[in-house]
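I opened my notebook to work through this one step by step. Below is what I looked up, in the order I wrote it down.

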Amino acid sequence: MGKGILIVDDAAFMRMMIKDILNKNGYEVIGEADNGARAIEKYKELRPDLVIMDITMPEVDGIQAVKEIKKFDENAKIIMCSAMGQQAMVIESIQAGARDFIVKPFQADRVLEAVKKVLG
């Protein structure tokens, strides 16, 4: 299946939910991070095929983390997620380089649709 997926969210149960959806559908989760700073470190260390990243997190938020990861690897594939369906944040994350956006609470089919679309 390749290198797998990195999940970034400050809420452990959210990471668990996404991981569960992905694992049940044959995707491999190779790492997790609980803030943007750790996400950047983990991305450099693991080189995942895809990152699913929350926007609102302590220390470094998701949008800043996307910018940093894109500086390191312009081909990085990132899907943003947030509880707030705020238009401005969606636009900002797409401008920062995210490929898609999913809104919490997650619906398994929407998560899988985004992952399939981004991974091709």
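I began with a cut-off: buried means under 20% relative accessible area, and exposed means over 50%. I also noted that this is a predicted model.

**Entry: Ser-82.** I found Ser-82 in strand β4, which covers residues 78-82. Then I listed its contacts, leaving aside neighbours within four places in sequence: Asp-54, Ile-55, Thr-56, Phe-101, Ile-102, Val-103 and Lys-104.

**Entry: Ser-93.** Next I went to another serine, Ser-93, in helix α4 (residues 87-96). I got a relative accessible area of 0%, so Ser-93 is buried. What lies 2.9 Å from a polar atom of the Ser-93 side chain? I found the backbone oxygen of Val-90 there. Not counting residues up to four places away in sequence, Ser-93 touches Ile-55, Ile-63, Met-80, Ala-98 and Phe-101.

**Entry: the whole chain.** I stepped back and counted 5 helices and 5 strands. From the N terminus on, I read the order as β-α-β-α-β-α-β-α-β-α. The radius of gyration is 12 Å, close to the 14 Å that the globule rule gives for 120 residues, so the chain is as compact as a globular protein of that length. I noted a C-alpha trace spanning about 30 × 30 × 25 Å along its principal axes. Buried residues make up 48% of the 120 residues. I also looked at contacts between residues at least 6 apart in sequence, and 63% of these join residues at least 24 apart.

**Entry: charges.** How many positive and negative side chains does the chain have? I got 17 positive and 19 negative, with the centres of the two sets 4 Å apart.

Entry: A reminder to myself: most residues other than glycine have a negative phi, and most peptide bonds are trans. Arg-47 has a positive phi of about 50° although it is not a glycine. I placed Arg-47 in the loop between α2 (36-46) and β3 (50-54), and at 42% relative accessibility Arg-47 counts as partly exposed. Glu-59 also has a positive phi, near 65°. This residue sits in the loop between β3 and α3 (62-72), and at 68% relative accessibility Glu-59 counts as exposed. Last, I found a cis peptide bond joining Lys-104 and Pro-105, with omega about -5°. Pro-105 is in the loop between β5 (100-103) and α5 (108-119).

How values were computed: Residues numbered from 1 in each chain as written. Predicted model: local features only at pLDDT ≥ 70, side-chain atom pairs only at ≥ 80, totals over all residues. Heavy atoms only, no water. Helix = DSSP H or I, 4+ residues; strand = E, 2+ residues; numbered from the N terminus. Rg over C-alpha atoms; globule rule 2.2 N^0.38 Å. Buried < 20%, exposed > 50% of the residue type's maximum accessible area, 1.4 Å probe, protein only. Contact = heavy atoms within 4.5 Å. Lys, Arg positive; Asp, Glu negative; His and termini not counted. Charge placed at Lys NZ, Arg CZ, Asp CG, Glu CD. Polar contact = N/O pair within 3.5 Å; in protein donor to acceptor, adjacent residues only side chain to side chain.
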